[in-house]
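Here's a quick walk through a fold, piece by piece. Keep the viewer open and follow along.

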Amino acid sequence: MRALSANLFALLLLCALSSVFYVWSALENRLERHKRRFSGPSQESFQQGPSEDLSAKTFRALLAVPAAQRQKVQNLSYPSAFVGTRDYHVNGNKRSAQREAPVKLGSPVDDGIFWSDWLEDLLPVRFTEGYAEAWRNKARTSAVIKLEPGCGRVSNQLATFADGTKACVRYGINADQVQGETLTYYLAGLLGITNLPPLILSQLNGDSAQWAAVRTRMSHLQWSDGAVVSLTEWISNLTGVVTPAPLRQQSVGLNPALKRLENQTTAELLELMQWSDLIVFDYLTANFDRLVSNLFSLQWDPHVMERDTNNLLRTPHGDLVFIDNEAGLVHGFRVLNLWEKYHHSVLSSVCVFRKRTTQRVAELHRRRDSRWRLLELYRDSEPLSRELGFLSDEHAAVLQDRIDRLYKHILHCKGKYRQM
């Protein structure tokens, strides 16, 4: 009887602690969002960070497990992934009118499962290679003069450079998060996905020109000298994004047979096209902290899909920005068994793809050298790559396996819809 009472007490205590943690997480996120909207660093309406959906916010902490051993390994010579223009106002009025008008340029789908070329032509690249390289070079030599909350959890900070521009600094609870964010960024480059803001690594040093002005703040944050952090460009004037109807659980999914595609506005089609890239990308990286966590949360929150999606934001012209990718690759692979059925469910909901993305996936599948291509790009682009490390042998094999599975899914879709 005494043992039964002790077990019951332990269970009640665990439930109480879980409830306190959940409430604290909710309050922290609401406060963070409130600060961004009403007292932003420059009195602007900055929106970069997690959305208001609080149902899945505890997953990062609950699923944290000891970091796997890392191994350093080497990649690629694909054509540059960043092509086009980052300027959201290029051809602004014409482009906005084209996006909002009903579809008039033909079918939105070509060759059975691919978004049409005329749609591709209307979607300039978010961050060009030239812009990203210029930002990275400047950020590596710019002095940080201020650190403040504004990039999610307390361990991350919004940094202001001497010229007034800003970046999100990810310190990370452990190195997995910084490594995952960084390698996810370079994998996007291999795939030609340009929705991620530019990123660099920096090694903290209170005596260096870059960090000396915020040495005291770093001490208060308990940031350790020598730690490698990531800095990602801060983008202003972003708003939340709700999961589109075709990708919600009650829908038949995003496929060429969906009759409503013919009635979508150009803007809606362009957003769906970016969503198809996002789902492919999150499947490859096993990122559970976006649409997958929403799908998981449906079991106790039936309206989660009607609210903003985690870590996904939109520019004024409708371009999607994929932020906070720390759950991808490293951490996502470590907890893959917990989430794989949800990853599979989300991927299965999509059978329309961008041609460029599928070409990159097919090439990585055929050559079976994703590990070396990713490492080569990473080491060629990031001076601190060796300090941060790379995927373990096990995780590199997981990445290649997911590429192969994605390729098979694309072939399945092609066989199913080839007559359309």
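Gly 240 stands opposite Leu 313 in strand 9. Behind that pairing are 3 bridges, which join strand 8 to strand 9 (residues 308-314) in an antiparallel run. Helices and strands here are DSSP runs numbered from the N terminus (H or I, at least four residues, for helices; E, at least two, for strands). This is a predicted model, where local features need pLDDT of at least 70 and side-chain atom pairs count only at pLDDT 80 or more, while totals for chains, interfaces and linings use all residues. Residues are numbered from 1 along each chain as its sequence is written, and side-chain values use heavy atoms, with hydrogens and water left out.

At the strand 6 end, strand 6 and strand 7 (residues 228-233) pair in the antiparallel sense over 5 bridges. Gln 203 has Val 228 in strand 7 as its bridge partner.

## Two disulfides

How many disulfides does the structure hold? There are 2, a disulfide being a pair of cysteine sulfur atoms within 2.5 Å. Counting bonded cysteines along the chain, the pattern is 1-2, 3-4.

Cys 151 and Cys 168 make one of them, with sulfur atoms 2.0 Å apart. The torsion about their S-S bond is about -85°, so this disulfide is left-handed. Cys 151 lies in the loop between strand 3 (144-148) and strand 4 (157-161), and Cys 168 lies in strand 5 (residues 166-170), so the pair ties together parts that are 17 residues apart in sequence. Both Cys 151 and Cys 168 are buried, where buried means under 20% relative accessible area, exposed over 50%, and partly exposed in between (1.4 Å probe, protein chains only).

Cys 351 is joined to Cys 413 by a disulfide, S to S 1.9 Å. That link is left-handed too, with -70° about the S-S bond. It connects distant parts of the chain: Cys 351 is in the loop between helix 11 (336-348) and helix 12, while Cys 413 is in helix 15, 62 residues apart. Cys 351 and Cys 413 are buried as well.

## Helix 12 and its surroundings

Helix 12 (residues 355-367) has 13 residues and reaches 18 Å from its first C-alpha to its last, close to the 18 Å expected at 1.5 Å a residue; that expected span is 1.5 Å times one less than the number of residues. Just after helix 12, Arg 368 takes a positive phi of about 55°.

The buried residues of helix 12 are Thr 357, Thr 358, Arg 360, Val 361, Glu 363, Leu 364 and His 365. Their cover includes strand 2 (114-115), helix 6 (175-191), helix 8 (266-285), helix 13 (370-381) and helix 15 (393-417).

Thr 182 is in helix 6. At 0% relative accessibility, Thr 182 counts as buried. Leaving aside neighbours within four places in sequence, Thr 182 is in contact (heavy atoms within 4.5 Å) with Leu 199, Leu 201, Ser 230, Tyr 378 and Leu 388.

Arg 153 is in the loop between strand 3 and strand 4. Is Arg 153 buried or exposed? Arg 153 counts as buried, at 18% relative accessibility. The side chains of Arg 153 and Glu 326 are joined by a polar contact of 2.9 Å. A polar contact is a pair of N or O atoms within 3.5 Å; within protein, one must be able to donate a hydrogen and the other to accept it, and residues adjacent in sequence count only if both atoms are side-chain atoms.

Methods:
Two strands pair if DSSP finds at least two bridges between them.
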